[in-house]
Amino acid sequence: KPDFIIHAASIASPTYYRKYPIETIEANIFGLKNLLDYCKERKIEEFLFFSTSEIYGDPDSGNIPTAENYKGNVSCTGPRACYDESKRLGETLCVNYSDIYNVPVKIVRPFNNYGPGLNINDKRVIPDFFKNVIDDNNLVIHSDGKATRTFCYISDAIEGYLRVMLSDYNGQSFNIGTESPEITMQKLAEMIIEISGKNLKLEFQQSNDSNYLKDNPQRRCPSIKKAMSLVNYSPKISLQSGLEKTYRYYLEE
C-alpha cells in the first residue's frame with residue numbers, strides 16, 4: 001500500500017486547459033475524489049493535493065500580496081473557469097474528507113513554478129520566451145506587458161510542498177511561491193534576452209485567440225507568511241539565478 005499520495009495530475013497550462021475544459025475538470029474532481037475515497041478506507045501517512053494560485057482569480061490591489069484567507073475574485077463561467085473552479089471544489093473536497101473521514105490531506109497553492117523539467121512547448125510565459133530565444137526569434141508578448149507575476153524556482157517549490165505534506169496541518173491550504181520580485185512580463189522578457197546574450201527584441205502582438213486575456217489576472221503575488229511561520233518555508237533561488245539555470249537546461253535539452 002502507499003504511505004504517501006500526491007495528487008499533482010492536472011492540465012495546468014492555460015492554453016491546454018482552455019482547449020480541454022472537460023478533461024481538466026475530470027482530473028481535478030473525479031481523479032481527486034477517487035483518491036480520497038481510497039484513503040478513506042485505508043490508513044495512509046500523508047496526502048498532498050496540488051491546488052493553484054488561480055483560485056484567487058484577479059485580486060484587487062488591497063489583496064496583493066495575496067494571503068490564504070482571501071476568498072477570491074473568480075469567474076465561474078469564463079474560459080479559465082474549468083481550471084479555477086474545479087481546483088476550488090477540489091479544496092472543498094479535501095477539507096471535508098479531512099473533517100469527516102480523517103484523511104491526512106494538505107493543500108498547496110503553487111505560484112508560477114518554473115525551471116528544469118518544464119516542457120519548452122508548455123505555452124507558459126517562461127518556456128515560451130526561452131523557445132523564442134533558442135530559435136533566434138524576437139520575444140513576442142500578446143498583451144501590453146504590464147501584468148505582473150512572481151516566479152518560484154522548482155527546487156524551492158518542491159521543498160515547500162514536502163514541508164507542507166509532512167506537517168500536521170491537515171485540511172489546511174498553503175501558498176507556495178515567492179513574494180518578490182513582482183515583475184512585469186515586459187521586464188521578464190528583457191531579463192531573458194539579457195541572460196541569452198543575443199541581439200533580440202520585444203514584439204507586442206495581438207493573440208489570434210479571442211479569449212487569451214479574458215479573466216487573466218493583472219497581478220499575481222503570494223503572501224507566504226503562513227508557510228514561513230508554520231513549516232519553516234524559505235525560498236532561496238533568485239529569479240536571475242533561476243532563469244540562468246533554466247536557460248542552461250533548455251540549451252542542453
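This briefing covers the overall build of the protein chain, one of its helices, and some local backbone features. The model is predicted. The protein chain holds 8 helices and 11 strands. Its radius of gyration is 18 Å, close to the 18 Å that the globule rule gives for 253 residues, so the chain is as compact as a globular protein of that length.

**Overall build**
- The C-alpha trace of the protein chain spans about 60 × 40 × 35 Å along its principal axes.
- Of the 253 residues in the protein chain, 45% are buried.
- Among contacts with a separation of 6 or more, 83% are between residues 24 or more positions apart.

**Surface and charge**
- The protein chain has an accessible surface of about 12500 Å², and carbon and sulfur atoms contribute 48% of that area.
- There are 30 positive and 33 negative charges in the protein chain, and their mean positions lie 2 Å apart.

**Helix α6**
- Helix α6 covers residues 185-196, which is 12 residues.
- From first C-alpha to last, α6 reaches 17 Å, close to the 16 Å expected at 1.5 Å a residue.
- The buried residues of α6 are Met185, Leu188, Ala189, Met191, Ile192, Ile193, Ile195 and Ser196.
- An α-helix has 3.6 residues a turn, so residues three or four places apart point the same way.
- The partners against which the buried residues of α6 pack include the helices α4 (125-134) and α8 (239-252).
- Strands β5 (139-141), β6 (148-149), β9 (183-184) and β10 (202-204) also pack against the buried residues of α6.

**Cis peptide bonds**
- Ile64 and Pro65 are joined by a cis peptide bond with omega near -5 degrees, and Pro65 sits in the loop between β2 (46-50) and α3 (81-101).
- The peptide bond between Ser180 and Pro181 is cis, with omega about -5 degrees; Pro181 belongs to the loop between β8 (173-176) and β9.

**Positive phi outside glycine**
- Asn102 is not a glycine, yet its phi is positive at about 60 degrees.
- Asn102 lies in the loop between α3 and β3 (105-110) and counts as exposed because its relative accessibility of 63% is over the 50% cut-off.
- Asn232, also not a glycine, has a positive phi of about 60 degrees.
- The loop between α7 (225-231) and α8 contains Asn232, which is exposed with a relative accessible area of 54%.

**Glu23**
- Glu23 is in helix α2 (residues 21-41) and is partly exposed, with a relative accessible area of 40%.
- Glu23 and Asp99 are separated by 76 residues in sequence and by 28 Å in space, C-alpha to C-alpha.

Key: Residues are numbered from 1 along each chain as its sequence is written. This is a predicted model: local features need pLDDT of at least 70, side-chain atom pairs count only at pLDDT 80 or more; totals for chains, interfaces and linings use all residues. Side-chain values use heavy atoms; hydrogens and water are left out. Helices (H or I, at least four residues) and strands (E, at least two) are DSSP runs, numbered from the N terminus. The radius of gyration is taken over C-alpha atoms; the globule rule is 2.2 Å times the number of residues to the power 0.38. Buried means under 20% relative accessible area, exposed over 50%, partly exposed in between (1.4 Å probe, protein chains only). Contact means heavy atoms within 4.5 Å. Accessible areas come from the Shrake-Rupley method with a 1.4 Å probe; for residues, only the protein chains shown count as cover. Lys and Arg count as positive and Asp and Glu as negative; His and the chain ends are not counted. The place of a charge is taken as NZ of Lys, CZ of Arg, CG of Asp or CD of Glu. The expected span of a helix is 1.5 Å times one less than its number of residues.
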